[in-house]
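Trainee: I would like to learn how to read an interface between two chains. Where do we start?

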Amino acid sequence: MNISLAQVEGKYRRFREVVYRGTEEEEYAAFGVGLHSISVNDALDADEWPNAKSWSWVQQLRQYCNDPKRFDVGLSVKGRLCALCIGTPSKAGLSLKLHVLEGKPDGNPLKGQVLKIILFAAHGYAGMIGATEVWLCDPINDDLVSVYERYGYMAVRDKKNNVTHLKKDT
Amino acid sequence: MKLKQQDEDLNVKWAAVAAKNKKWLAQVKGVAEPPLGVWLGPKAKTKKAAAKKTKAAKSRSK
(Lines give C-alpha, C1' and ligand atoms only; values in the text may rest on other atoms or scores of the structure.)
Protein backbone atom coordinates (compact mmCIF):
# COMPACT_ATOMS: atom_id res chain seq x y z
CA MET A 1 0.00 0.00 0.00
CA ASN A 2 1.39 3.38 -0.99
CA ILE A 3 1.22 6.13 1.58
CA SER A 4 1.24 9.70 0.32
CA LEU A 5 3.51 12.39 1.75
CA ALA A 6 0.42 14.17 3.10
CA GLN A 7 -0.58 11.02 5.01
CA VAL A 8 2.91 10.67 6.48
CA GLU A 9 2.94 14.36 7.40
CA GLY A 10 -0.49 13.96 9.02
CA LYS A 11 0.54 10.87 10.96
CA TYR A 12 3.65 12.47 12.45
CA ARG A 13 1.87 15.78 13.08
CA ARG A 14 -0.57 13.84 15.26
CA PHE A 15 2.33 12.22 17.12
CA ARG A 16 3.77 15.67 17.78
CA GLU A 17 0.41 17.03 18.93
CA VAL A 18 -0.02 14.16 21.40
CA VAL A 19 3.50 14.81 22.72
CA TYR A 20 2.92 18.59 23.01
CA ARG A 21 -0.39 18.25 24.84
CA GLY A 22 0.84 15.33 26.94
CA THR A 23 3.98 17.17 28.07
CA GLU A 24 1.98 20.30 28.93
CA GLU A 25 -0.44 18.31 31.06
CA GLU A 26 1.76 15.60 32.54
CA GLU A 27 4.63 17.26 34.31
CA TYR A 28 4.70 20.93 33.61
CA ALA A 29 1.16 22.26 33.98
CA ALA A 30 2.29 24.34 36.96
CA PHE A 31 4.66 26.35 34.76
CA GLY A 32 1.89 27.30 32.30
CA VAL A 33 4.15 26.20 29.49
CA GLY A 34 2.83 25.79 25.96
CA LEU A 35 4.47 23.46 23.44
CA HIS A 36 4.02 24.06 19.74
CA SER A 37 5.59 23.64 16.32
CA ILE A 38 8.19 26.23 15.39
CA SER A 39 6.84 28.97 13.13
CA VAL A 40 8.86 31.36 10.99
CA ASN A 41 7.99 34.11 13.49
CA ASP A 42 9.44 31.99 16.32
CA ALA A 43 12.64 31.50 14.31
CA LEU A 44 12.89 35.24 13.58
CA ASP A 45 12.29 35.98 17.26
CA ALA A 46 15.02 33.54 18.36
CA ASP A 47 17.49 35.02 15.89
CA GLU A 48 17.19 38.29 17.84
CA TRP A 49 18.27 36.62 21.12
CA PRO A 50 21.70 37.81 22.20
CA ASN A 51 24.29 35.05 21.85
CA ALA A 52 27.34 34.09 19.86
CA LYS A 53 25.88 31.40 17.65
CA SER A 54 27.03 31.31 14.08
CA TRP A 55 23.82 29.93 12.58
CA SER A 56 20.30 31.21 12.22
CA TRP A 57 17.07 29.58 13.34
CA VAL A 58 15.39 30.63 10.09
CA GLN A 59 18.10 28.72 8.22
CA GLN A 60 17.70 25.69 10.49
CA LEU A 61 13.93 25.73 10.15
CA ARG A 62 14.24 25.88 6.36
CA GLN A 63 16.65 22.94 6.45
CA TYR A 64 14.42 20.65 8.51
CA CYS A 65 10.84 21.83 7.88
CA ASN A 66 10.34 19.57 4.86
CA ASP A 67 11.02 16.41 6.83
CA PRO A 68 7.55 15.13 7.75
CA LYS A 69 8.99 13.06 10.61
CA ARG A 70 10.84 15.96 12.22
CA PHE A 71 10.58 16.77 15.91
CA ASP A 72 10.35 20.53 16.27
CA VAL A 73 9.23 22.17 19.45
CA GLY A 74 8.94 25.69 20.76
CA LEU A 75 8.35 26.37 24.45
CA SER A 76 6.32 29.45 25.34
CA VAL A 77 4.93 30.92 28.52
CA LYS A 78 2.04 33.38 28.08
CA GLY A 79 2.91 33.69 24.41
CA ARG A 80 6.57 34.52 25.09
CA LEU A 81 9.00 32.19 23.39
CA CYS A 82 11.46 30.58 25.85
CA ALA A 83 13.24 27.80 23.93
CA LEU A 84 13.44 25.97 20.62
CA CYS A 85 14.60 22.55 19.52
CA ILE A 86 14.70 20.67 16.21
CA GLY A 87 15.48 17.02 15.67
CA THR A 88 14.93 14.33 13.06
CA PRO A 89 14.68 10.54 13.24
CA SER A 90 17.37 8.48 11.55
CA LYS A 91 16.49 6.92 8.19
CA ALA A 92 15.67 3.59 9.79
CA GLY A 93 13.74 5.40 12.52
CA LEU A 94 15.70 3.75 15.32
CA SER A 95 17.06 6.96 16.81
CA LEU A 96 15.83 10.52 17.21
CA LYS A 97 18.64 12.99 16.64
CA LEU A 98 18.34 16.44 18.22
CA HIS A 99 20.35 18.87 16.09
CA VAL A 100 19.70 22.32 17.50
CA LEU A 101 18.60 23.40 20.95
CA GLU A 102 18.58 26.82 22.53
CA GLY A 103 17.03 28.46 25.56
CA LYS A 104 16.39 32.19 25.63
CA PRO A 105 19.31 33.57 27.64
CA ASP A 106 17.61 36.57 29.31
CA GLY A 107 14.34 36.87 31.22
CA ASN A 108 13.40 33.25 30.75
CA PRO A 109 10.53 32.22 33.07
CA LEU A 110 11.41 28.54 32.51
CA LYS A 111 14.98 28.94 33.73
CA GLY A 112 16.17 25.64 35.22
CA GLN A 113 13.41 23.63 33.52
CA VAL A 114 13.99 24.07 29.78
CA LEU A 115 16.24 21.07 29.25
CA LYS A 116 14.03 18.74 31.28
CA ILE A 117 10.87 19.78 29.41
CA ILE A 118 12.48 19.42 25.99
CA LEU A 119 14.10 16.10 26.79
CA PHE A 120 10.83 14.79 28.25
CA ALA A 121 9.05 15.76 25.02
CA ALA A 122 11.86 14.41 22.81
CA HIS A 123 11.93 11.05 24.59
CA GLY A 124 8.14 10.98 24.39
CA TYR A 125 8.24 11.58 20.63
CA ALA A 126 10.98 8.96 20.21
CA GLY A 127 8.83 6.45 22.09
CA MET A 128 5.80 7.30 19.97
CA ILE A 129 7.61 6.74 16.67
CA GLY A 130 9.32 3.58 17.88
CA ALA A 131 12.85 4.96 18.14
CA THR A 132 15.00 3.23 20.73
CA GLU A 133 17.59 5.98 21.25
CA VAL A 134 17.74 9.76 21.53
CA TRP A 135 20.93 11.39 20.26
CA LEU A 136 22.16 14.85 21.20
CA CYS A 137 24.24 15.93 18.22
CA ASP A 138 26.91 18.64 18.20
CA PRO A 139 27.12 19.72 21.85
CA ILE A 140 28.53 23.23 21.89
CA ASN A 141 31.25 22.58 24.48
CA ASP A 142 32.68 19.99 26.90
CA ASP A 143 30.99 21.53 29.94
CA LEU A 144 27.66 20.69 28.35
CA VAL A 145 28.82 17.13 27.66
CA SER A 146 29.28 16.54 31.39
CA VAL A 147 25.81 18.00 32.07
CA TYR A 148 24.22 15.68 29.52
CA GLU A 149 26.10 12.75 31.02
CA ARG A 150 24.51 13.55 34.38
CA TYR A 151 21.15 13.24 32.62
CA GLY A 152 22.09 9.67 31.74
CA TYR A 153 23.46 10.24 28.23
CA MET A 154 26.58 8.47 27.05
CA ALA A 155 29.15 10.42 25.05
CA VAL A 156 30.29 8.93 21.74
CA ARG A 157 33.77 10.05 20.66
CA ASP A 158 35.62 9.97 17.35
CA LYS A 159 39.24 8.86 16.84
CA LYS A 160 40.49 12.30 17.94
CA ASN A 161 38.52 11.93 21.20
CA ASN A 162 36.06 14.68 20.21
CA VAL A 163 32.47 14.10 21.24
CA THR A 164 30.37 13.63 18.11
CA HIS A 165 27.11 13.04 19.94
CA LEU A 166 25.57 11.67 23.11
CA LYS A 167 23.00 8.93 23.23
CA LYS A 168 20.49 7.47 25.63
CA ASP A 169 17.98 4.66 25.34
CA THR A 170 14.33 5.68 25.35
CA MET B 1 -14.86 6.12 14.12
CA LYS B 2 -11.53 4.87 12.81
CA LEU B 3 -9.87 8.19 13.66
CA LYS B 4 -11.32 8.13 17.16
CA GLN B 5 -9.89 4.65 17.69
CA GLN B 6 -6.50 5.80 16.39
CA ASP B 7 -6.54 8.76 18.80
CA GLU B 8 -7.32 6.45 21.69
CA ASP B 9 -4.47 4.16 20.66
CA LEU B 10 -2.10 7.13 20.52
CA ASN B 11 -3.15 8.25 23.98
CA VAL B 12 -2.57 4.77 25.39
CA LYS B 13 0.85 4.69 23.75
CA TRP B 14 1.65 8.14 25.15
CA ALA B 15 0.63 7.08 28.65
CA ALA B 16 3.10 4.19 28.57
CA VAL B 17 5.90 6.36 27.16
CA ALA B 18 5.26 9.20 29.61
CA ALA B 19 5.26 6.85 32.61
CA LYS B 20 8.69 5.57 31.61
CA ASN B 21 10.01 9.11 31.10
CA LYS B 22 8.67 10.28 34.44
CA LYS B 23 10.75 7.63 36.19
CA TRP B 24 13.87 8.85 34.44
CA LEU B 25 13.08 12.50 35.21
CA ALA B 26 12.60 11.66 38.87
CA GLN B 27 16.12 10.19 38.88
CA VAL B 28 17.67 13.37 37.43
CA LYS B 29 15.55 15.82 39.40
CA GLY B 30 18.52 17.27 41.27
CA VAL B 31 20.71 17.77 38.20
CA ALA B 32 21.28 21.47 37.61
CA GLU B 33 20.59 22.94 34.19
CA PRO B 34 23.47 24.61 32.31
CA PRO B 35 23.26 28.40 31.78
CA LEU B 36 20.64 29.28 29.19
CA GLY B 37 21.77 29.86 25.65
CA VAL B 38 22.87 27.61 22.81
CA TRP B 39 23.19 23.98 23.92
CA LEU B 40 23.22 22.07 20.67
CA GLY B 41 23.97 23.47 17.27
CA PRO B 42 26.01 23.21 14.12
CA LYS B 43 28.56 25.72 15.39
CA ALA B 44 31.49 23.32 15.27
CA LYS B 45 30.51 22.10 11.81
CA THR B 46 30.07 25.66 10.57
CA LYS B 47 33.48 26.68 11.90
CA LYS B 48 35.10 23.67 10.26
CA ALA B 49 33.25 24.31 7.02
CA ALA B 50 34.27 27.97 7.14
CA ALA B 51 37.91 27.01 7.68
CA LYS B 52 37.73 24.63 4.73
CA LYS B 53 36.19 27.33 2.56
CA THR B 54 38.89 29.83 3.52
CA LYS B 55 41.59 27.27 2.77
CA ALA B 56 40.03 26.47 -0.59
CA ALA B 57 39.66 30.15 -1.45
CA LYS B 58 43.31 30.80 -0.53
CA SER B 59 44.55 27.95 -2.69
CA ARG B 60 42.43 29.16 -5.60
CA SER B 61 43.84 32.69 -5.36
CA LYS B 62 47.45 31.46 -5.54
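Mentor: Start with the contact rule. Two residues are in contact if their C-beta atoms, placed from the backbone, lie within 7 Å. Keep in mind that this is a predicted model.

Trainee: How many residues of chain A are in contact with chain B?

Mentor: 39 residues of chain A touch 27 residues of chain B.

Trainee: Which elements give two or more residues to the chain A side?

Mentor: They are α1 (5-26), β4 (95-103), α4 (114-129), β5 (133-137) and α5 (142-150) of chain A. The most comes from α4(A), with 8 residues.

Trainee: What is the make-up of that side by class?

Mentor: The side of chain A that touches chain B has 17 nonpolar, 11 polar and 11 charged residues.

Trainee: How do I read two packed helices?

Mentor: Two numbers describe them: the angle between the axes and the distance between the axes. Here, α4(A) packs against helix α1 (residues 2-27) of chain B at about 140°, with the axes 9 Å apart.

Trainee: Why is α4(A) called oblique to α1(B)?

Mentor: Only angles over 145 degrees count as roughly antiparallel. The angle here is about 140°, which makes α4(A) oblique to α1(B). Their crossing is right-handed.

Trainee: Which residues make the contact?

Mentor: From α4(A), they include F120(A), H123(A) and M128(A). From α1(B), W14(B), V17(B) and L25(B) are among them. By class, this contact has 6 nonpolar, 4 polar and 3 charged residues.

Trainee: And the strands: in which sense do β4(A) and β1(B) pair?

Mentor: Antiparallel, over 2 bridges, with β1(B) spanning residues 38-40. E102(A) has V38(B) as its bridge partner in β1(B).

Definitions and conventions:
Residues are numbered from 1 along each chain as its sequence is written. Chains are lettered from A and ligands numbered from 1 in the order in which they are written. This is a predicted model: local features need pLDDT of at least 70, side-chain atom pairs count only at pLDDT 80 or more; totals for chains, interfaces and linings use all residues. Helices (H or I, at least four residues) and strands (E, at least two) are DSSP runs, numbered from the N terminus. Ala, Val, Leu, Ile, Met, Phe, Trp, Tyr, Cys and Pro count as nonpolar, Asp, Glu, Lys and Arg as charged, and the others, Gly among them, as polar. Two strands pair if DSSP finds at least two bridges between them. Axes are lines fitted to C-alpha atoms, for helices over the stretch in contact, and angles run from 0 to 180 degrees between N-to-C directions. Angles under 35 degrees count as roughly parallel, over 145 as roughly antiparallel, 65 to 115 as roughly perpendicular and the rest as oblique. A crossing is left-handed if the near helix is turned anticlockwise from the far one by less than a right angle, and right-handed if clockwise.
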